[in-house]
Amino acid sequence: MAYNEKLTARIREALAHLPKVEEKRMFRGVTFMVNDKMCVTAGDNKIMCRIDPAMHEEVIKKKGCETVKMRGREYRGYVYVSEEGIKTKKDLNYWIQLALEFNKLAKSSKKKKK
């Protein structure tokens with residue numbers, strides 16, 4: 001994924017109300033970390049969302065959504081959503097809300113300092 005300023009700004013705006021959001025350059029885009037956990041990534045023409053793996057099969061049926069695949073492996077709980085699936089603010093907010101709901105349950109990969 002390459003970096004899309006307009007898409008990144010849309011996500012930034014949608015997450016602006018949250019107190020602990022950090023932006024990191026990763027996955028060839030900008031990843032939004034919420035509470036030290038990966039939540040949403042803005043790519044060139046799509047976003048990647050970390051969602052509840054239990055909902056995976058249900059949500060990949062939605063317009064513009066597909067399972068994240070890296071190095072030939074499918075990652076349950078990670079989905080790409082193309083521009084087709086995030087045209088409106090309502091569409092984008094749906095995906096961000098799914099990612100935020102799972103973020104509450106997700107484990108942080110951040111190393112604790114001793």
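Modeller: Happy to, and let me begin with charge: the protein carries 27 positive and 15 negative side chains, with the centres of the two sets 6 Å apart. Please keep in mind that this is a predicted model.

Before we zoom in, here is the setting. The protein contains 3 helices and 6 strands, and from the N terminus their order is α-β-β-β-β-α-β-β-α. The C-alpha trace spans about 45 × 30 × 25 Å along its principal axes. For 114 residues, a compact globule would have a radius of gyration near 13 Å, and the protein agrees with that because its own value is 13 Å. Buried residues account for 41% of the 114. The accessible surface is about 7,400 Å², and carbon and sulfur atoms hold 50% of that surface. Among the contacts with a separation of 6 or more, 53% are between residues 24 or more positions apart.

Now to the part I would pick for you, strand 4, which covers residues 46-50. Is this strand enclosed or open? Of its 5 residues, 4 are buried, so the rest of the structure largely encloses strand 4. Buried here means under 20% relative accessible area.

One is strand 3, residues 37-42, which runs antiparallel to strand 4 and is joined to it by 3 bridges. A hairpin of 3 residues links strand 3 to strand 4. If you want a pair to click on, Val40 has Cys49 of strand 4 as its bridge partner.

The other neighbour is strand 6, residues 73-82, again antiparallel to strand 4 and joined to it by 5 bridges. Here the pair to find is Met48 with its bridge partner Tyr80 in strand 6. As you step along any of these, remember that side chains in a regular strand alternate between the two faces of the sheet.

For contrast, have a look at Lys104, in the segment after helix 3 (89-103). With 66% relative accessibility, Lys104 counts as exposed because the cut-off for that class is over 50%.

Notes: Residues are numbered from 1 along each chain as its sequence is written. This is a predicted model: local features need pLDDT of at least 70, side-chain atom pairs count only at pLDDT 80 or more; totals for chains, interfaces and linings use all residues. Side-chain values use heavy atoms; hydrogens and water are left out. Helices (H or I, at least four residues) and strands (E, at least two) are DSSP runs, numbered from the N terminus. The radius of gyration is taken over C-alpha atoms; the globule rule is 2.2 Å times the number of residues to the power 0.38. Buried means under 20% relative accessible area, exposed over 50%, partly exposed in between (1.4 Å probe, protein chains only). Contact means heavy atoms within 4.5 Å. Accessible areas come from the Shrake-Rupley method with a 1.4 Å probe; for residues, only the protein chains shown count as cover. Lys and Arg count as positive and Asp and Glu as negative; His and the chain ends are not counted. The place of a charge is taken as NZ of Lys, CZ of Arg, CG of Asp or CD of Glu. Two strands pair if DSSP finds at least two bridges between them.
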